[in-house]
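Visitor: Please show me the model. I would like to ask about its helix packing.

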Amino acid sequence: MNGPFVRGLAEVGVAGAAGAAGAADAVGAAGAAGAAGAAGAAGAAGAADLGGGKAAGLGELIRAGIPVPPGYVVTAPAFGRMLAAVDPSGSLADAVASLDPGDLPAIGRVAAGVRSRIVSAAVPAEVAAQVTEAYEELGGPVAAVAVRSSATMEDSAGASFAGLQDTYLAVRGAAKVLDAVRRCWASLYNDESVAYRRRLRLPEDGLAMGVVVQRMLRPRAAGVMFTRSPVTGDRSVVAIEGTWGLGSALVSGEVTPDSFTVSKVTGEITGRRTGAKLRLHSFRPNEPGICASAMPIALRGLPCLTDDEARALAAVGRRVEEHYGVPQDIEWALLGDDPACPPMHGDAADRIRVLQSRPETVWAAREQAPLATPKPRASDHILAWLEKPL
């Protein structure tokens, strides 16, 4: 599975997620003739730098002993090779970098043009060969996988690109996986993603996209959890939201999720609410794609988690937060319906899989140091400014 364009998830990590941008830039500058050499140099410098934010987070979770679905990452150098093919002069990236963040019509026109160029181009042969080989090693020629974008500036404490780039679920067959990878690359230029980067004045130079490919799960329930209250900022609790089936129903806003608040200190469930779960997203191994249907009436008013499962999830959330040292925003799945998984009456901790973890950004931003130390009188701020050397 190893090569300049594909890495196992266990080989990447958070130590240098942004460094993948440099690797991709090196590949783009090298062009077709020197791409493999540039990618190899980047790999020698540190394979942990190649996957982008989402992949780096998953690799770090694996090293921390947190269970995640098996998979691999199509590296930033692969994106660099693709970009070198569709934009050898760099004119497309320059056009994006020059956009006014307030000019949404212009952003839409330019971004659509970049996406079209990427989606309509063939994946470079050497990249396609490595992606296909890794896919078949993961589960065979017709295995169902999730294909997820992993930008090099994604999932940092200072910027959150959650939901701005593409994810494709239950993708089967090497040709469709390659198409999903290409569309994930193109989604780096989704209108919302470009507008967000321009508002934050993030550089386009060296920006890159990794793509995570993981074996598709068939969860009994799924959702998100925050290792501090998203409402109050309380760091003594874990806040959990979930629904039956795949978490995509929650992310898309089609359900009002169940919610649980669990004390980190005592493990006590201090708050709970059963939501109106009217839609069900499910993955059926013998059927194509994702099935969206009405939630069975028997499940609508039934909590998707038992108390023991909620406490087990909170315990995993604490472990992830302790590993990173800062509060986390975590996507989770709870196995149980698939015959290949442990039975539903088994230990809840054995059935939890973490799909993603990123730093919590809302309360972290509020806790940044103030621009000026508070002073007794407003005039003192002016005097302090005048006393500064020129």
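Guide: Start with helix α5 (residues 104-120) and helix α7 (residues 174-186), which pack with axes 9 Å apart at about 160 degrees. This is a predicted model: local features need pLDDT of at least 70, side-chain atom pairs count only at pLDDT 80 or more, and totals for chains, interfaces and linings use all residues. Residues are numbered from 1 along each chain as its sequence is written, and side-chain values use heavy atoms, without hydrogens and water.

Visitor: Is α5 roughly parallel or roughly antiparallel to α7?

Guide: The angle between α5 and α7 is about 160 degrees. Angles over 145 degrees count as roughly antiparallel. Therefore α5, relative to α7, is roughly antiparallel.

Visitor: Which residues of α5 are buried?

Guide: Buried means under 20% relative accessible area (1.4 Å probe, protein chains only). The cover over the buried residues of α5 includes α3 (76-86), α4 (91-97), α7 and α8 (191-200). Those buried residues are A106, I107, G108, A111, V114 and I118.

Visitor: How many Å apart in space are E60 and H323, C-alpha to C-alpha?

Guide: E60 belongs to helix α2 (residues 52-63). Its relative accessible area is 14%, so E60 is buried. E60 and H323 lie 263 residues apart in sequence, yet their C-alpha to C-alpha distance is 9.0 Å.

Key. Axes are lines fitted to C-alpha atoms, for helices over the stretch in contact, and angles run from 0 to 180 degrees between N-to-C directions. Helices (H or I, at least four residues) and strands (E, at least two) are DSSP runs, numbered from the N terminus. Angles under 35 degrees count as roughly parallel, over 145 as roughly antiparallel, 65 to 115 as roughly perpendicular and the rest as oblique. Buried means under 20% relative accessible area, exposed over 50%, partly exposed in between (1.4 Å probe, protein chains only). Contact means heavy atoms within 4.5 Å.
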